Amino acid sequence: MREPDLMHGEYRCVRCGPVVPLHVPAHIGAEIMASVVQRVAADGEPADRPGMPLWCPWPLPPGWTLTGVAWAGDDRVGIRATAVACAGPAPLDGGPADLIFVAEEPGVGLGSRFAGLPGPDPGPEVEEALTDPGPGHPERVPHAKIRVGGHPTPLWLVRSETDRSAYAGEARGMWLHAIAWPASAGHLLAEEVVLHDLTEWTPPELVYGAPSPYLHGQA
């Protein structure tokens with residue numbers, strides 16, 4: 001990625017064109033989380049546009065820890081996407097599993113990046129799921145239904161690399177993505193998952209684990 005220069009005022013990818021930079025703290029803990037929460041919350045003031053949430057499962061599933069946080073943006077465009085990573089035992093076999101929850105404005109493409117796909121948004125696939133539920137499904141039944149900020153929120157399975165599963169939906173007028181490794185870990189979303197915005201309140205009981213290799217691009 002190329003930084004802004006005399007010819008271009010934005011960060012640029014040689015393949016994709018203008019992009020917003022992704023910031024991922026090398027470590028995670030209560031102090032780092034507090035700093036990121038303050039940075040993200042301040043970006044929504046004054047309230048000229050909706051504040052970007054930091055969606056985190058709360059309470060965390062048994063045995064799970066928070067393993068990373070990130071945001072995409074700069075001083076010129078503000079924060080346009082956030083990501084929160086967590087890890088714990090998979091729901092089916094108890095093996096290691098990782099989840100990343102992404103909130104982003106349209107056109108950013110952070111969720112697609114973690115899903116391993118080109119293109120900025122999952123809109124066409126979500127639209128297809130809404131208009132054509134498939135044979136034997138007379139109604140548009142979501143592939144997962146969780147609670148986000150106190151509201152029931154449907155998520156739809158979208159394409160991804162075969163080593164993971166990816167879901168997409170909408171919350172607060174923004175894209176919401178959930179990407180799980182391995183693919184079977186997506187079954188966690190069939191359970192009673194509740195997402196809470198950490199910019200509204202950060203639970204002091206949060207448990208932090210080793211940094212997520214998926215958030216850091218190391219896996």
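1. In this predicted model, strand β3 pairs with strand β5, which covers residues 65–74, in the antiparallel sense over two bridges. Within this pairing, leucine 22 stands opposite alanine 72 of β5.

2. Is threonine 67 buried or exposed? Its relative accessibility is 3%, and threonine 67 therefore counts as buried, the limit for that class being under 20%. The side chain of threonine 67 reaches the backbone nitrogen of cysteine 86 at 3.4 Å. If neighbours within four places in sequence are left aside, the residues in contact with threonine 67 include Ile28, Ala85, Cys86, Ala87 and Gly209. Ala210, Pro211 and Ser212 are also among the contacts of threonine 67.

3. Methionine 52 is located in the loop between α1 (30–43) and β4. With a relative accessible area of 4%, methionine 52 is buried. Beyond its neighbours within four places in sequence, methionine 52 is in contact with Val40, Ile79, Arg80, Ala81, Thr82, Ala103, Glu104, Glu105, Met174 and Thr199. The C-alpha atom of methionine 52 is separated by 9.1 Å from that of aspartate 197, although the two residues are 145 residues apart along the chain.

4. How many salt bridges does the structure hold? There are five salt bridges. One of them joins aspartate 197 to arginine 172, with the closest N and O atoms 2.9 Å apart. Aspartate 197 lies in strand β12 (residues 194–197), while arginine 172 lies in the loop between β10 (165–171) and β11 (174–181), so the pair ties together parts that are 25 residues apart in sequence. Aspartate 197, at 3% relative accessibility, counts as buried, whereas arginine 172 is partly exposed, its relative accessible area being 38%.

5. Arginine 172 has a salt bridge with glutamate 200 as well, and here the closest N and O atoms are 2.7 Å apart. This pair links distant parts of the chain, since glutamate 200 is in the segment after β12 and arginine 172 is in the loop between β10 and β11, 28 residues apart. Glutamate 200 is exposed, with a relative accessible area of 54%. Through salt bridges that share partners, Arg172, Asp197 and Glu200 are joined into one network.

6. A further salt bridge is formed by the side chains of arginine 164 and aspartate 163, at 2.7 Å from N to O. Which of these two residues is buried and which is partly exposed? Arginine 164 has a relative accessible area of 15% and is buried, while aspartate 163, at 39%, is partly exposed.

Methods: Residues are numbered from 1 along each chain as its sequence is written. This is a predicted model: local features need pLDDT of at least 70, side-chain atom pairs count only at pLDDT 80 or more; totals for chains, interfaces and linings use all residues. Side-chain values use heavy atoms; hydrogens and water are left out. A salt bridge is a side-chain nitrogen of Lys or Arg within 4 Å of a carboxyl oxygen of Asp or Glu. Buried means under 20% relative accessible area, exposed over 50%, partly exposed in between (1.4 Å probe, protein chains only). Helices (H or I, at least four residues) and strands (E, at least two) are DSSP runs, numbered from the N terminus. Two strands pair if DSSP finds at least two bridges between them. A polar contact is a pair of N or O atoms within 3.5 Å; within protein, one must be able to donate a hydrogen and the other to accept it, and residues adjacent in sequence count only if both atoms are side-chain atoms. Contact means heavy atoms within 4.5 Å.
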